[in-house]
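Colleague: Could you take me closely through the part around the ligand? After that, please go on to the rest of the model.

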Amino acid sequence: MSAQIELRDIDKHYGAFHALKRVNLNIEKGSFVALVGPSGCGKSTLLRSIAGLETITSGSISIAGAPMTGVPPRKRDVAMVFQSYALYPHMTVEQNLTYSLRLHGVGKAEAIQKAAEVAATTGLSALLKRYPRELSGGQRQRVAMGRAIIRNPKAFLFDEPLSNLDAALRVHMRKEIRSLHDRLGATSVYVTHDQIEAMTMADHVVVMRDGRIEQQGSPLELYDRPVSRFVAGFIGSPAMNFVNAVVGADGRSAVLDTSGGGTVLLPEALDVGRAIVVGLRPEHLRAVADKGQFTLIVGNVESTGSTTFISSDDELVTLVQSERTGLAAGDRVPLTIASEHVHVFDPETGLRI
Ligand code: ATP
């Protein structure tokens, strides 16, 4: 299947600042793609470039096979949904929904009919006569989505649409946006700095770093085989533990540089004595009764009720337990981890070995 949105060798300079560096990305028709990465990595710039709100310095963008060079935003047939909702405060929900249709010459009766249909899809039917100030944050975000849907665009571009909502509503709206995407058979590109949002909503996750794509793949591909320490640390919560280590005399184990000491088994043999960084996800560490592979000396214990987070005194290793523990600072916890869960990175390049 050809890509609905194709980005080829995109570069973007803001004066001397190089914001996007040779970005190549195919966004398939009907897919939900999340762009994630830390603040300033270029996610919004990339999304805004697709929308035509930024002019790229070089490279090409095509939407549904048509080159977009020189095409202004309103002719690109994509709809943006912003964090700020960008609703017109002096217009009712119905007027907010119909405004762009009216601008495009759609008759009043037809526009109102369409608004009623979109309101039914987005759960706004009872709110059509209200003004934005009379709505909750979640309802405002639904109006913003309704306004995007009503024009039946080729793609939806979301720029951190849920950042202004509280945690519970965010979780609820994630599901709403994804189910709307599925019902409409839409193509969606979704910018977020929240990896959980990306992992739970998207079919395909693109991790960006310093203006480049560091890795892209399905959520579980990124979790299971991160190409670098950067991706490994970004995907997964709580974050992966990184410990400096040296390959042991048998070539199959890593001797850990932690206060508790010990070893872990490597997934494959490496040169004896080589300096490496091992990545151990907290959820893969098992506390055992007596002899573990390595030892965690407890520094801090935090419980949320359902989950207990135990971190080592040198703050290098965090362990997650779903049951309550009687552990206190200074206790020694023997740990094991299966070798297939041990990630190995080069200390210099940060790349997966
Ligand atoms: P955030 O999550 O903080 O929104 P982001 O990944 O979306 O971050 P962008 O908004 O794409 O980041 O910005 C990428 C980089 O480009 C940042 O370092 C930013 O300071 C810079 N930048 C963005 N817009 C401009 C501009 N108009 N002029 C100069 N630099 C800019």
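Modeller: Start with the shell around the ligand. Strand E2 (17–28) and helix H1 (43–51) each supply at least two of its residues. Helices (H or I, at least four residues) and strands (E, at least two) are DSSP runs, numbered from the N terminus. H1 gives the largest share of the shell, 3 residues.

A word on the source. This is a predicted model, in which local features need pLDDT of at least 70, side-chain atom pairs count only at pLDDT 80 or more, and totals for chains, interfaces and linings use all residues. Residues are numbered from 1 along each chain as its sequence is written, and side-chain values use heavy atoms, with hydrogens and water left out.

Now the residues themselves. The ligand is surrounded by Tyr14, Phe17, Ala19, Pro38, Ser39, Gly40, Cys41, Gly42, Lys43, Ser44, Thr45 and Glu160. A residue is near a molecule if one of its heavy atoms lies within 4 Å of it. By class, the shell has 5 nonpolar, 5 polar and 2 charged residues. Here Ala, Val, Leu, Ile, Met, Phe, Trp, Tyr, Cys and Pro count as nonpolar, Asp, Glu, Lys and Arg as charged, and the others, Gly among them, as polar.

Next, the polar contacts (pairs of N or O atoms within 3.5 Å; within protein, one must be able to donate a hydrogen and the other to accept it, and residues adjacent in sequence count only if both atoms are side-chain atoms). A polar backbone atom of Gly40 is 2.8 Å from a ligand oxygen. For Gly42, a backbone N or O atom lies 2.9 Å from an oxygen atom of the ligand. Lys43 uses its side chain: an N or O atom there is 2.8 Å from a ligand oxygen. Taken alone, the ligand exposes 640 Å², and the protein buries 59% of that. Such areas come from the Shrake-Rupley method with a 1.4 Å probe; for residues, only the protein chains shown count as cover.

On to a sheet. It is open, has 6 strands in the order E6-E7-E8-E3-E9-E10, and its pairing is mixed. Two strands pair if DSSP finds at least two bridges between them. Strand E6 (78–82) and strand E10 (212–217) are the edges, each pairing on one side only. Strand E9 (residues 204–209) runs antiparallel to E10, joined by 5 bridges. Arg209 has Arg212 in E10 as its bridge partner.

Now the backbone. Most residues other than glycine have a negative phi, and most peptide bonds are trans. Asp9, not a glycine, has a positive phi of about 50 degrees. Asp9 sits in strand E1 (residues 3–14). Its relative accessible area is 30%, so Asp9 is partly exposed. The cut-offs: buried is under 20% relative accessible area, exposed is over 50%, and partly exposed is in between (1.4 Å probe, protein chains only).

Glu315 also has a positive phi, near 60 degrees. Glu315 lies in the loop between strand E17 (308–312) and strand E18 (318–321). At 69% relative accessibility, Glu315 counts as exposed.

A cis peptide bond joins Ser237 and Pro238, with omega about -5 degrees. Pro238 is in the loop between helix H8 (229–234) and strand E11 (241–247).

Last, His343. This residue is in strand E20 (residues 343–345). His343 counts as buried, at 4% relative accessibility. Its side chain makes a polar contact of 3.2 Å with that of Arg352.
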